[in-house]
Amino acid sequence: MSAIVSTAELRRSRVRLLIVTMLFLVTTVNYADRATLSIAGPALSKELHLDPVAMGYVFSAFGWSYVLAQVPGGWLLDRFGSRWVYACSIVVWSIFTLMQGWIGFFSGGAAIVALFALRFLVGLAEAPSFPANARIVAAWFPSNERGTASAFFNSGQYFATVIFAPLMGWIAHEFGWRHVFTVMGALGILMGLVWIKTMYGPKEHPGVNEAELDYIKEGGALVDMEGAQDGKTASGGPTWSHIGQLLSNRMMLGVYIGQYCINTLTYFFLTWFPVYLVKERGLSILQAGFVATLPALCGFIGGVLGGFISDAILRKTGSLTLARKIPIVGGMLLSMAIIGCNYVDGQALVVGLMALAFFGKGIGALGWAVVSDTSPKEAGGVSGGLFNTFGNLSSITTPIVIGYILSATNSFNGALVFVGLNALVAAFAYLFIVGRIQRVQLRAS
């Protein structure tokens, strides 16, 4: 038997590894583009004379449109497939990122309005990205590999900081903050062209063989989900009834609450963290770009490790619920270490606690694996869109709330407590609201 299995494994293609690598690379560029404003922020706010509250609203501009466009973006994915919708998304958000480098042609209020508008358009264009990631993972990966695959692409958000925070910090220091946007925008356009050449559904990919297709299909992959490719449309798309059923499902509501709280940590890191290092801890922009890489690297390691732990628990216990909940709850409790930064003075200790917090956040960032596990086949994009809508409400609230806390207290202490308590609520949601994790079965409309 082992010889037969070995022979089957040898002749099985590994195209799904290329697919998840592309998801990782695109997610890395995605989060680097989101973080451009946080790196350019200290110099930009000084030049444009933005106070903390105004900066909080500018940081939130991305979130308003990103949240509003989640369900429409998910509907587009279910209607037309991920390949072309995602390709258009990448190119368009990159163009708007590049255009932010032109803000220097404006002054005063006009510059603020133009910056807010362009960040708003970036959020609008990025909306289909993560629902598409979840659909692609559900289509390409069997259940026992889905946690690792989801954690791997999701860890791109940390890898973006590891690679691009020092680069963007150096660009801002040497050439000015405007060039941060132009360089990252150009890179994104290039990535969009690469995506079109490499991404297909399981049944359409020229490199996949029958052995791999059978393996992923027998393991629970929804290989027909990505049938809408190359301009062919799926039938009709999801209905309002499907959306209503997802919103009334207790398991999904618990998942939505958990993701909102988990993303509070993410958006603190993407918006106010470099500002915290510069204004509260006295670092330069260049130093902040390099210092931010250690927590990000720990988040990346935690993210990949969380996926391995989850899939290992699934193989050992056969329980999807235990496999997803144990890393999520444990990781969120560990993330509360961020509050400890209020009680230490040394920069090394602050960075160490931040690194520990983001390591925990990485371990617990399995929400997209849960989406791939639970989304109904006929509404995978909309399910991911709803999940990302709730999760990214924190992209609006986090920068604004922290801006008001800073304005009222002139200190980041309350902000770090706010972020840490959100991690606690996320753990509570998965422990007491979510219940058993299983695929949602929709009733006919």
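Is arginine 146 buried or exposed, and what is its relative accessible area? Arginine 146 is buried, with a relative accessible area of 1%, where buried means under 20% relative accessible area, exposed over 50% and partly exposed in between, computed with a 1.4 Å probe on protein chains only.

Before I go on, a word on the source. This is a predicted model, in which local features need pLDDT of at least 70 and side-chain atom pairs count only at pLDDT 80 or more, while totals for chains, interfaces and linings use all residues. Residues are numbered from 1 along each chain as its sequence is written, and side-chain values use heavy atoms, with hydrogens and water left out.

Let me stay with arginine 146, which forms a salt bridge with aspartate 373, the closest N and O atoms being 3.5 Å apart; by salt bridge I mean a side-chain nitrogen of Lys or Arg within 4 Å of a carboxyl oxygen of Asp or Glu. This pair links distant parts of the chain, since aspartate 373 sits in helix H18 (residues 367-374) and arginine 146 in helix H8 (residues 143-154), 227 residues apart. Helices here are DSSP runs of H or I with at least four residues, numbered from the N terminus. Aspartate 373 is buried as well, with a relative accessible area of 4%.

A further salt bridge joins arginine 324 to aspartate 311, at 3.4 Å from N to O, and it connects helix H16 (residues 320-335), which holds arginine 324, with helix H15 (residues 293-317), which holds aspartate 311. Both of these residues are buried, and salt bridges that share partners join Arg146, Asp311, Arg324 and Asp373 into one network.

By this rule the count comes to 7 salt bridges, and one of them is formed by aspartate 78 and arginine 135, whose closest N and O atoms are 3.0 Å apart. Because aspartate 78 lies in helix H4 (residues 70-80) and arginine 135 in helix H7 (residues 129-140), the pair ties together parts that are 57 residues apart in sequence. Aspartate 78 and arginine 135 are both buried.

Finally, helix H10. The buried residues of H10 include Val180, Phe181, Met184, Gly188, Met191 and Trp195. Seen down the axis of H10, its buried residues fall within an arc of 145°, so they line one face of the helix, the arc being that of the directions from the helix axis to the C-beta atoms. The face turned away from that buried side carries the exposed residues Leu193 and Lys197.

Conventions. Helix = DSSP H or I, 4+ residues; strand = E, 2+ residues; numbered from the N terminus.
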